[in-house]
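Please examine the sequence and the three-dimensional structure shown below before reading on.

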Amino acid sequence: PVRGGAAAALPSAGRSYGSQAKEEEELRVRYLDDEHKGIVVLGLNRSHAKNALSKNLVKMMSKAVDALKSDKKVRTVIFRSEVPGIFCAGADLKERAKMHSSEVSSFVSRARSTINELANLPVPTIAAIDGTALGGGLELALACDIRVAASSAKMGLVETKLAIIPGAGGTQRLPRTIGVSLAKELIFSARIVDGEEAKSIGLISHVVQQNEAGDAAYRRALALAREFLPQGPVAMRVAKLAINQGMEVDLVTGLAIEEACYAQTIPTKDRIEGLLAFKEKRPPRYKGE
């Protein structure tokens, strides 16, 4: 893991990585410091393959997510690309072409599991889409709580063009995000939309004009993540849990889930600190306890 402040987390968009990039550099994990402390950035870095999801990259993502879910110091995770103009082109089709059909099933299962692990991270997650996000790349973004994209970014679930279907959550998360009918239309047509259209249909939460560095969506995601940092860590975790679980059940059950989650905040030291800070008219100093 690389630790550094905002400057270290904003590499030049013009930086180029050759095909000889070390495997361990295909996913860069950065723990930010100073005013960004608590934000972790996962940066895709397979420029020679347009950040396509290979066996190795999926393995690295799984390992990184597994480490993050048990790290109490992590407050928000941003998923981005460090390759200019591309977020993730989806599965590595060159690698896929060499696989036996049984290997394909195993790989898709592993990718689906890893993306599910990302979706179930207990802290807020933001996908910063500064370039193209297709197939598995968009499925990866859909697993994040919030998506931010540059207006020039291109997004789509294009699997039907290859005579397959989205297999890493796309058929389930897209309709839950934009509605059933429109999700069917996009998947049936394999249509690609830009950032502006993605915002208009609710696929992303924020759209920004791309800048010269090519990292406008990342910068917006970073600003958004900073808005989350002052809040109570336990409250953030159980709020996400309540929302995620509640969305899959009826309202009465959802309200019971909310009640159970609220109960987890009552005995915390943070709740008492929040009340004291309010009374003393000062910023709270939460410790996640």
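This is a predicted model: local features need pLDDT of at least 70, side-chain atom pairs count only at pLDDT 80 or more; totals for chains, interfaces and linings use all residues.

Residues are numbered from 1 along each chain as its sequence is written, and side-chain values use heavy atoms, with hydrogens and water left out.

## Nonpolar cores

A nonpolar core is a set of buried Ala, Val, Leu, Ile, Met, Phe, Trp, Tyr and Cys residues joined through side-chain atoms within 4.5 Å. Buried means under 20% relative accessible area, exposed over 50%, and partly exposed in between, with a 1.4 Å probe and protein chains only. In soluble globular proteins, nonpolar side chains tend to be buried together.

The largest nonpolar core has 50 residues, and those that touch the most other members are Leu-42, Phe-79, Ile-129, Met-155, Leu-174 and Leu-203. Helix 2 (residues 55–69) supplies the largest share of this core, with 7 residues. Another core, of 18 residues, lies apart from it and includes Ile-146, Ala-225, Phe-228 and Leu-229. Helices (H or I, at least four residues) and strands (E, at least two) are DSSP runs, numbered from the N terminus.

Contact means heavy atoms within 4.5 Å.

The expected span of a helix is 1.5 Å times one less than its number of residues. Helix 9 (residues 216–228) has 13 residues and reaches 19 Å from its first C-alpha to its last, close to the expected 18 Å. Its buried residues include Ala-217, Tyr-218, Ala-221, Ala-225 and Phe-228. The charged end of Arg-80 sits over the ring of Tyr-218, 4.0 Å from the ring centre; this requires NZ of Lys or CZ of Arg within 6 Å of the ring centre and within 35 degrees of the ring normal.

Helix 10 (residues 233–246) has 14 residues that should span 20 Å, and its end C-alpha atoms are 20 Å apart, which agrees. Among its buried residues are Pro-233, Val-234, Val-238 and Ala-242. The buried residues of helix 10 pack against helix 2, helix 4 (101–119), strand 6 (125–129), helix 11 (251–265) and helix 12 (269–280).

## Residues in loops

| Residue | Loop | Relative accessibility |
|---|---|---|
| Asp-215 | between strand 11 (206–208) and helix 9 | 2% |
| Asp-92 | between strand 5 (86–88) and helix 3 (93–97) | 12% |
| Cys-144 | between helix 5 (136–142) and strand 8 (146–150) | 4% |

A polar contact is a pair of N or O atoms within 3.5 Å; within protein, one must be able to donate a hydrogen and the other to accept it, and residues adjacent in sequence count only if both atoms are side-chain atoms. The side chains of Asp-215 and Asn-211 make such a contact at 3.0 Å. A polar atom of the Asp-92 side chain lies 3.2 Å from the backbone nitrogen of Glu-95.

## Positive phi angles

Most residues other than glycine have a negative phi. Asp-34, although not a glycine, has a positive phi of about 55°, and Asp-34 is exposed, at 62%. Lys-50 also has a positive phi, near 55°, and Lys-50 is exposed at 53% relative accessibility.
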